[in-house]
Amino acid sequence: MDAKLNEVRDQAESRGFVTYTFKVGWYNDAVGDAFKLPFEYDALGVLLLSSPDMFELNFLPYLKNNPTQEVHRDPLDCSVADFVSHLKESILKNEAVETYFDYETDPRTRRPRILLQTVGHVAGAAFYYQQMHVTDSEPSKKLYGVSIHPDYGGWFAFRSVMVFPHHFLPRDLSPKPPVDVVPGNEDRLKLLLLFNDHWKDNRFRDIIQPQKRYSELQQKYFNTLPADRKILVNNYLSGLPP
């Protein structure tokens, strides 16, 4: 399985993704019963994270290769699903794999099928900063949490998880804590306030100095309402300015 995971990692990197392994039990220990996954504690999980390069290396080529495809959800989601399907049909074709995506919800409860920011934290990918990590915040104000990556700051996204029910990590393996890149209470509070109150201007993403940010085209795409992104996509496919 190690050889296959190395192949998955290499193909992911060539498309602008980064992979992290984790035990399902680490995730289950960190979430409530409603979000626990039905697998053994030591079962192998692989987290797929998109770096700033994913847009140009995976999404735009996907659009060129599927110019007339009828898309019923965001085409970027489709491009990620297409890449994961490619992995399952090639490197992992003889493996049992359960996949989860960031856009999926449970049809019965309408809750997310998986809490990817929690996965990112227990996998050591990015520290998940939450209200419990700060003092002096307004107790009456709900502050939603945000993950910050040590290399990309906030310029990344968790996209998918693959669980391999028949492969297990060593029983004595412990989780590697994520890098705490925003250690001070004042900066943590600033981060949460920027994310909750000013997320559209992207300042929260630069709470640390990132190695790379989203390209201008990528920022324009994400700053455009989903209903209007089709115009950007059509302009790109036609060779027109986005």
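**A cavity and a helix pair**

Tutor: Start with the largest cavity, lined by Phe-55, Phe-59, Leu-60, Leu-63, Leu-217, Tyr-221, Leu-232, Val-233 and Tyr-236. This is a predicted model, where local features need pLDDT of at least 70, side-chain atom pairs count only at pLDDT 80 or more, and totals for chains, interfaces and linings use all residues. Numbering runs from 1 along each chain as its sequence is written, and side-chain values use heavy atoms, without hydrogens and water.

Student: What makes a set of points a cavity?

Tutor: On a 1 Å grid over the protein atoms alone, a 1.4 Å probe fits there but cannot get out, and lining residues have an atom within 4 Å of a point. The largest cavity holds about 60 Å³ of space.

Student: Which element gives the most to the lining of the largest cavity?

Tutor: Helix 3, with four residues.

Student: Which residues of helix 7 and helix 8 make the contact?

Tutor: Taking contact as heavy atoms within 4.5 Å, they are Lys-220, Tyr-221 and Phe-222 of helix 7 and Arg-229, Leu-232 and Val-233 of helix 8. That splits into four nonpolar, no polar and two charged.

Terms used
Helix = DSSP H or I, 4+ residues; strand = E, 2+ residues; numbered from the N terminus. Nonpolar A, V, L, I, M, F, W, Y, C, P; charged D, E, K, R; others polar. 1 Å grid on protein atoms, 1.4 Å probe; cavity = no way out; pocket = protein on both sides within 12 Å on 5 of 7 lines; lining within 4 Å. Points joined across faces, edges and corners; volume = space filled by probe spheres on them.
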